[in-house]
Each structure stands twice: as structure tokens, then as C-alpha cells.
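Dear colleague,

Please find the structure below, handed over for your records.

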Amino acid sequence: MSLRFLFALLGLALTAAAAPVVIDSPGGQLRGKLAVDADGALVYSVERAGREIIAPSRVGVTVDGVDLGSGVTLGVPVFGALDESYAVLGGKARARNHARTLRVPMAPAAGRPETVLEARAYDDGFAWRLIVPGAGRRRVQGEASGWTLPAGSRVWFFERDSDWKLKSYAGEWISAGADELATVSKQGPVQGAPLVAELAAGGGYVLVTEAARENYSGLRLRAVPGSRVVRADFAEAEEGFVIDGPIITPWRVTLVAPDLDALVNSDLIANLAPPPDAHLFADTSYIKPGRAVWRWWSAGTGTPEQERQFVDHAVALGFEYTVIDEGWLGWPEPWKDLAGIVDHARDRAVGVFVWKHYQEVAAPADNWGQLRTFLDAVRAAGAVGVKLDFLNAESKDRVDFAIAALRLAAERRLMVIFHGVTKPAGEARTYPNEITREGIRGLELNKMKEGPIPASHNAALPFTRFVVGAGDYTPLSYSRPGPTSWAHQLATFIQFTSPMQIMAEDPAMVLNDAATRPALDVLKSIPAVWDETRVLASSAIGRLSVIARRSGTTWFLSLLNGGPPATVENPDLSFLGKVGYRAVELTSPQPRTFARREIEHAGAQTRLRFELPAGGGAVVRFSADQAPASLPELQGRDGLPNFHAKASAGGLVRVAYLGGSITTADGWRVQTHEF
């Protein structure tokens, strides 16, 4: 055998070793590639429909001073598949976890630990993570991991001109060119996730973030000057953080959507999170979504008697919960008074959440003894959940606290709301007792010097922050709407997803003000969770959000205008199908007014036109015609043997009767009368 032939064989072997590992999504729309570049570094890239979305970008985690993504040799890949569905609480009833999977060992070099890369390809995204088996304490000092964002894309990020930006994630959503991210913010080149890139020439959308964050620090993104690259960044900086035992990075996620409807309806973040522990969540009957009243925003936390009055407001609104916020522990007998409020609420089928400052229960000593003591007292008082506030970071110690709180609360059958907290990363799937979290610039800003919230922020949220999980924005203000209309405020109650939807406004104004009364029955009927969500074609991030949502047989169409005056004419109502509906339309001709229009016979062919001023909005509720047989029959009432009547929310009686000249084709006539 000649020397030349031997070199040729060696060249073929090296070429084969350097060939990328490719994984295609189940439907073939998306492809992920893993390769070792010329410098021996592990990189990945993402393609959709043959178009490169993420150019080759680094993969790597530094453990005890060694970058485990450099000097890499990939082993034999093992492919697999996932296809399952599960119930969710949010914009739809069920999610589907359908992916192709990949596991690639990386041959350890001398002095390096064994490392495994796992990846998943979905039709709407690609994700990977690194697993470093082993025991003992090791220090993670950062990641080389990053994303090379598409050329010509415009990136949406949240901005806040203070050091609170990356503590509470309560920034205003704005946009800049992908190559401007390193310099656009006065707070520096580090941005919080998610980032949402709007691709050039109508090429769709890319969202980058993380999922399944546990026993690790939270991901931030540092823009690299002179490029479109964002790299992993952590609150602990060069000092890093210590992990005892196996190191599993959270999934590094690239969500790819051809349009806003696909973006909003993606299940990717929840799909990447582990399912709930079967033992810890053997009984989930205590986890109940709903709507809550909340005194803090409108008048501050009250006395026990004032908080008891808010329970009565919840009853009047048909809401399921009340939240008692900061200050209640200053009552003369706080736990006794709390138990009294809970008793009052329980008799009226209202659940009570109570607030606690994170720092007062933050010590991990004695298996989180402070936290366990507090949760035991909450459980003994009969409250249904806790609101834990002011975590103000996503460093590993705060991530550890949040997970501990969810576990310990689940053991006591308590729900959890997090405030002063960062982005969700799928926790609500793994720990379904996380009923909502803040990590969003919400309506509390309208009562602060830094506010009020611009309409453009609201029109961006459904396509940015809410894509990755529930957000406790605490929507709906008539008394402090900022530069928005009342109809805009009502629309946020529909569009802003939170299984615990906490209303900011004083219920007394909602219930008793004659000017807000035209919207009362519609507000009462808006649920906290949905069966289906549709984003209509006229939507554009930050300018206009037009979203339809279904609960049972009822549809709500909602519009948020975040830009200049706009006309929305004949939105596509095909989601209504062939069913007949009664519709109620609410608009605001002037910012602090409601105009109500009722349409008795509405359907997919109904033509609607909305003239939306800047900051305007609109809501339409489509209620499917109900079979009169479902109404209680009142035989002989008013001499009509075939007469049915049913009281409904908002002081209305719905009557149906058979016969006479006003019958419909099927023999029944349904009318609504106010009393």
C-alpha cells in the first residue's frame, strides 16, 4: 500500500469525523446541525425551510477553568423521538410535545470530564443542553454558548434605565437592529431573555431563551460589539457558581415561527421542561386557575375589615380569589385576623393568597426552615397560596429558592405567585402549583413616577414576554389607564395570559360606576384560562395586537392599538365556524368611556369595523346560541307552558319561549332583558 494511498485514507477518515451531526424536526420544516469548527470548538446552527436562521454559534460550558466545548471530538450520535400531549393552563387547553431527539457523547480529552450533548428538533424550534456527569462540588464559571442572530433582523428587548432592569425584568419592550444590541442600552450590553427577532422581508420570527432552569443560574444575554452575536451571561460573573453533583445546563432554546400566530401558540418552552413529579403532584385538585381582586394597587393593603370587604367584592364580580399584599403582617394579630378573613372567604367560595418578602424566608439552613415555618402557618390559617416577592435576581441562589418554595408549597397543597422575579423557563409545567409570576413591566407602573405604561408596550407583550409563560401584569385600570382607553384596558384582561388573573382596579369602581357598567357583564365572563387562541393577520409587534380566544363555546375578539390611529376593517372571523352567536361589542369613542353595541345574529360572515385611536382598543364577545332545553323550565309562568328563564351575570334575564309570530326557524326565540 503506497504512502499516498494511506494519506488519502486518513484524509477521508478526518473528513468523516468532521462531518456535522444533523437532526431534522418531525415535519421536516426545521434542521439543527452540530459540528466542530476549524478551531476545534463545538458549534451549532439552525435552518428552517433551507434558510439559515442561526449561523454557526458556540456551544460550551466552563467548569473548573476548562471550556468543555473546545477541543471536542464528537462520538456516535443516538437518535430518538418524542410525541405526547398534556394539559396546560394558559392560552390553550392542551400542548403537544413532538420532537426528534439526539444524544451525542463528547470523547473526554486528558484531564477533562465526560460530557454529553442532548438536542431536540421541533417543527417550531431547536434546543440543546450539556450534561456533565460526576459527583462532588464543581464551579461553573460561565458559558461560551451563544446565538448569531439573523442579518437584517430587528430585535425586541425590554429596557429600563436603572439597575432594576435585570433584577425584576420589568422593562418596556422596544426594538433595535440586531447589530445595535451592544450599544443601544444605557445599562450596557447585557439583555434579559427572551429576545425576539423579527426577520427581514417577512421571514418570520426567532425567539431565544432558556428552558428547564434548575440547579443552575439564570441565563442573560451579552451582545458582542461589532456583531450580531449574543452570548450567555450570568449574574455571578467570573466568580461563577457551585454545583454539587451532575451539571445539567438548562436548554438553550431557539424558537422559530413563520408568523405571530405560530409564535404565540408555541409549546416549546413547556415541552422542554420536565413533567411534574408523579408523587409530589399526585393530587392537583388544589391548583385552580381563577381571577382575583387585590386592594394594594388601588388603595394599599387594608385593615382586616377592609380586606374582608374585598372578599365580598370578589363575590360580586364572580371572581374566585383575593390577594392580601404587603402590610398584613403588621396587623395587631395578623395570623388570627388572616384566619378570620379565610373563614369569611371560604363561606363564599373565595380563596385567599398572602404576601411575603423573599428575604424573610430565604435562608436555606435547616432544609429551608424559615420557609417551611411560614408555609406551615399559611396552611394552618387556611389560605390557598402565597405571593413571594422581591427575589430581584436570577442568580443560582434565587433559582434554588424558587424551586424549594414550589416543592415545599406543593407538599402543603399551596399555590405560588412570584413577584420581583425574572422570566419563566417552564417551571409551571414541572411545578404546576406555580400559578403565575411577574417578571414583566405591569400595571403597577401606572401609579409610579416611572410610569405610565405606553400602549406600544402592551401591544408588544403578547408576542414577546407572554410567549415564554404566564405573566402577572395585574391588568385593568379605569382610574389610571395612562395613555390608553378603557376598551384597551379591558382587552388586556383577555390578551395577557395568567392562570391567576389579578385585577388591579378597585372593584367598587368596576361594580358601581355608571360609566364602566356597560362592560361589567363582559368583564365578569372573561376566564383566566383558555381553550384556544388565534392571532389575526393584521397584528404587528408593538403596533397592533388582534387576538381571538375561546373558552368553551364563547369567543372573545380583542384589539390593542400600540401605534398611531388605525382602522381594522372586517377582521377574519372564520374561527366562529358555522355556529350562530350573539355578540357584544365594546369600544371607547373617548378614552374614558364605553360604547356598547349588541348584535343578535353574528357569525363568521359578520362584518366589523374598528376605528382605533392611539392607545385605543376594542373587545367583542361572541356567545353561542344555547339550546333552550339547557335552561330551567318554569311551567305555567305567565300562562306560557313552554317558557324558560335563566338569570345570568350582570343583572340580565335570558328568556326563551315557543310559539307566536316571532319564532325563529327552529321554533325558538331568545331575548335578553335587563332588570
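Trp328 is buried, its relative accessible area being 0%; buried means under 20% relative accessible area, exposed over 50%, and partly exposed in between, with a 1.4 Å probe and protein chains only. Trp335, at 30%, is partly exposed. The ring centres of Trp328 and Trp335 lie 5.0 Å apart with their planes at 90°, so this pair is edge-to-face. Rings of Phe, Tyr and Trp (its six-membered ring) pair if their centres lie within 6.5 Å; planes under 30 degrees apart count as stacked, over 60 as edge-to-face and the rest as tilted. One aromatic cluster is formed by Trp328, Trp331, Trp335 and Phe374.

Please note that this is a predicted model, in which local features need pLDDT of at least 70 and side-chain atom pairs count only at pLDDT 80 or more, while totals for chains, interfaces and linings use all residues. Residues are numbered from 1 along each chain as its sequence is written, and side-chain values use heavy atoms, with hydrogens and water left out.

Helices (H or I, at least four residues) and strands (E, at least two) are DSSP runs, numbered from the N terminus. Just after α8, Gly382 has a positive phi of about 95°.

Arg291 belongs to strand β23 (residues 290-294) and, at 8% relative accessibility, counts as buried. A polar atom of its side chain lies 3.2 Å from the backbone oxygen of Ile526. Beyond neighbours within four places in sequence, the contacts of Arg291 include Gly318, Phe319, Glu320, Tyr321 and Gln501.

Two lysines lie over tryptophan faces: Lys167 over Trp164, at 5.1 Å from the ring centre, and Lys447 over Trp296, at 4.2 Å. The criterion is NZ of Lys or CZ of Arg within 6 Å of the ring centre and within 35 degrees of the ring normal.

Yours sincerely

How values were computed: A polar contact is a pair of N or O atoms within 3.5 Å; within protein, one must be able to donate a hydrogen and the other to accept it, and residues adjacent in sequence count only if both atoms are side-chain atoms. Contact means heavy atoms within 4.5 Å.
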